[in-house]
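Dear colleague,

Please find below the structure that I am handing over to you. My notes on what was found in it follow directly after.

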Amino acid sequence: VSKQVLEQLLSKLQPLCPSEQQFLQEFFWLGCDSLELQALEVRVSTVSSPGPLSSLAHPWPEEATTQLLSESFSCLEPELRAFLDSCNKVHPLGCLQVLVTLSDSVFGTWGSSSAPPSSFLHALLGNVLLLAKSNFNKCMGTLCKEIEEAKNPSRMRGGILPCVSHCQEFMAFSKEVFRTSRCRGEMDNAQLRLASSVFSSSNSLPSANLKVNTDMVMMENFHHIHNFLCQKNIPCLEGKKREAKQRFRGHMEEYVTTYLGQPLGRLEHFFEGVKACLAQGVKEEEVSFQLAYSKQELWKAIQKYPGKEVKRALETLYGTIHKYLSPEENLLLVAWKAMEQGFIQQYREFEKLIQRCCAGAGIALDFTMEHLQSYFNSLNMSS
């Protein structure tokens, strides 16, 4: 509505002010130099005036036109400024539409009867445009601050963060508003600033307010941001799009690493100790002589995880992921595939450590790679 009213207002002013300016200049000979006055004398004397024109008038300075027009339209600039203030109150993002409309008018891209660059109207609209830019910058500052300081719902269960949804709505709205405009500089800077605020806000997400793993929430949100930026194709945010993809992958890796320890927790703890011994210089054949990492302790850990228990643990883990991942992002298969790859890699690492440190002892995990793959296949089919 603000955009339509402003366009209608400008459509009335654009023919009126320049025609008034032209009338004043011609009627009062404003801005004429001596040569132009002599030409006027010749034209007037040939019609009726016997005396020189210079005896009736003197050239006025260029500022006289501006002064007369300022007096004639003394209420115009205050009224335009008041209108801009009203737009800001009616709609929180009305300043975007006002900025685009005024910019296009000042720079000659609005309508077919734009005022020439030297006109009084052009100068007046330029002053009002500075106010529109100031209002726009204030709006963006407020929006970024709100995003950075926003508090997420108490005990959030995951899904898309409010700050991400808010940013997405703004970018979709602004892309449509600025679609045919040339004033891309302000919008590009604003979108970069806003995206940086969203990334910053996500970094400071307090895990205490979440019922789920923080990496799960970040994984979903950066996946959502990346998909949105791919769809909208905003050139100035190409760097942010790449960053969102990297952050998505990084959080997914952290998420998988965190949950890998659940199905085989005691075995993982045992082999982490074995790797620490090897890193400290203990020979492979001597690791089993360490009391905490003896063959007896390894047998005890292995007996905790027969095949049926591993399968049950994987089913529980799958159910947890299914419960907390939001259906909108459809990341269940992606996350579970990454979990499967990580689990298989972990299994192979355990086997290699047993071969290195307990060679010839006849010790092996209670389940094989074929068993493990069958567990995952059954879960994949159920999804």
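**Salt bridges and overall build**

Glu-297 is partly exposed, at 26% relative accessibility; this class lies between buried, under 20% relative accessible area, and exposed, over 50%, as judged with a 1.4 Å probe and protein chains only. Please note that this is a predicted model, in which local features need pLDDT of at least 70 and side-chain atom pairs count only at pLDDT 80 or more, while totals for chains, interfaces and linings use all residues. Residues are numbered from 1 along each chain as its sequence is written, and side-chain values use heavy atoms, with hydrogens and water left out.

Glu-297 forms a salt bridge with Lys-300, at 3.5 Å from N to O. The term salt bridge stands for a side-chain nitrogen of Lys or Arg within 4 Å of a carboxyl oxygen of Asp or Glu. Lys-300 is also partly exposed, at 43% relative accessibility. Both residues belong to helix α12 (residues 295–303), where three residues, about one turn of the helix, separate them. Helices here are DSSP runs of H or I with at least four residues, strands are runs of E with at least two, and both are numbered from the N terminus.

Salt bridges that share partners also link Lys-240, Glu-243 and Arg-247 into one network. Within it, the side chains of Lys-240 and Glu-243 meet at 3.6 Å, N to O. These two residues lie in helix α10, three residues apart. Lys-240 is buried at 15% relative accessibility, whereas Glu-243 is partly exposed at 27%.

Helix α10 (residues 238–260) also holds Lys-241 and Glu-238, again three residues apart, about one turn of the helix. Their salt bridge brings the closest N and O atoms to 3.2 Å. Lys-241 counts as buried, at 17% relative accessibility, and Glu-238 is partly exposed, with a relative accessible area of 25%.

How many salt bridges does the structure hold? There are eleven.

As for the protein as a whole, its secondary structure consists of 15 helices and zero strands. Of its 383 residues, 43% count as buried. Contacts, meaning heavy atoms within 4.5 Å, were also examined: among those between residues at least 6 apart in sequence, 77% join residues at least 24 apart. The protein exposes about 20,900 Å², of which carbon and sulfur atoms supply 52%. Accessible areas come from the Shrake-Rupley method with a 1.4 Å probe, and for residues only the protein chains shown count as cover.

Yours sincerely
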